[in-house]
Amino acid sequence: MRHRMVVALAVLAGVALGAGVSQGLRAQSEKKPAYVVAEVEVTDAAAFQSYAAKVPPTLAPYYGRYIVRGKAEGKEGDPPRGTIVILAFDSMADATKWYSTPPYKDLIPEREKAAKSRVYIVEGLAQ
């Protein structure tokens, strides 16, 4: 009888542990990426080129990467002006840290002098 009770408790502990691990794995698989979306209308090509060359190294610490950089084809509403840039990050926290801390934060005035832009950070769907 005592042996059965020990086995039953071990099974219950295993089930509880398995449920906890499963829930942890599910939370990891539901991680939400984030995207920085920018509409950029260049007003000073040389200054913008200088700014653009400095951006890629700022992305590396936050695992940021370009996924779109080009002209958009408008279908409804006002057509986009300039170039659309979309950067992908693993999380909203990474995207926000990249945007609000040096070295990228220090580049923002350069971009503002070289282009008119609208920039958004958007949380994506769970992956």
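## An aromatic cluster

Phe48, Tyr51, Phe89, Trp98, Tyr99 and Tyr104 together make up one aromatic cluster in this predicted model, where local features need pLDDT of at least 70, side-chain atom pairs count only at pLDDT 80 or more, and totals for chains, interfaces and linings use all residues. Residues are numbered from 1 along each chain as its sequence is written, and side-chain values use heavy atoms, with hydrogens and water left out.

Two rings of Phe, Tyr or Trp (its six-membered ring) are a pair if their centres lie within 6.5 Å, and the pair is called stacked when the planes are under 30 degrees apart, edge-to-face when they are over 60, and tilted for the rest. By this rule the count comes to 6 aromatic pairs. One of them joins Phe48 and Tyr51, whose centres are 5.3 Å apart with 50° between the planes, which is a tilted arrangement. These two residues stand 3 residues apart in helix α2, so about one helical turn separates them. Phe48 counts as buried because its relative accessibility is 18%, and Tyr51 counts as buried at 7%; here buried means under 20% relative accessible area, exposed means over 50%, and partly exposed lies in between (1.4 Å probe, protein chains only). Trp98 and Tyr104 form a stacked pair, because their ring centres are 4.1 Å apart and their planes meet at 25°. Trp98 and Tyr104 are both buried.

## The overall fold

Of the 127 residues, 24% count as buried. The accessible surface comes to about 9000 Å², and 60% of that surface belongs to carbon and sulfur atoms; such areas come from the Shrake-Rupley method with a 1.4 Å probe, and for residues only the protein chains shown count as cover. A contact means heavy atoms within 4.5 Å, and among contacts between residues at least 6 apart in sequence, 76% join residues at least 24 apart.

A search of the whole structure finds 4 salt bridges, each being a side-chain nitrogen of Lys or Arg within 4 Å of a carboxyl oxygen of Asp or Glu. One of them joins the side chains of Arg118 and Glu39, at 3.3 Å from N to O. Because Arg118 lies in strand β4 (residues 115–123) and Glu39 in strand β1 (residues 34–42), this pair ties together parts that are 79 residues apart in sequence. Glu39, at 16% relative accessibility, counts as buried.

Another salt bridge is formed by Glu110 and Lys54, with the closest N and O atoms 3.1 Å apart. Glu110 belongs to helix α4 (residues 104–114) and Lys54 to helix α2 (residues 45–59), so that distant parts of the chain, 56 residues apart, are linked. Glu110 is partly exposed at 27% relative accessibility, and Lys54 is partly exposed at 36%. The side chains of Asp90 and Arg65 also meet in a salt bridge, at 3.5 Å from N to O. Asp90 lies in the loop between β3 (83–89) and α3 (92–100), while Arg65 is in strand β2 (residues 65–71), so the pair ties together parts 25 residues apart in sequence.

## A charge over a ring

The charged end of Arg69 sits over the ring of Tyr66, 4.1 Å from its centre; the rule asks for NZ of Lys or CZ of Arg within 6 Å of the ring centre and within 35 degrees of the ring normal.

Notes
Helices (H or I, at least four residues) and strands (E, at least two) are DSSP runs, numbered from the N terminus.
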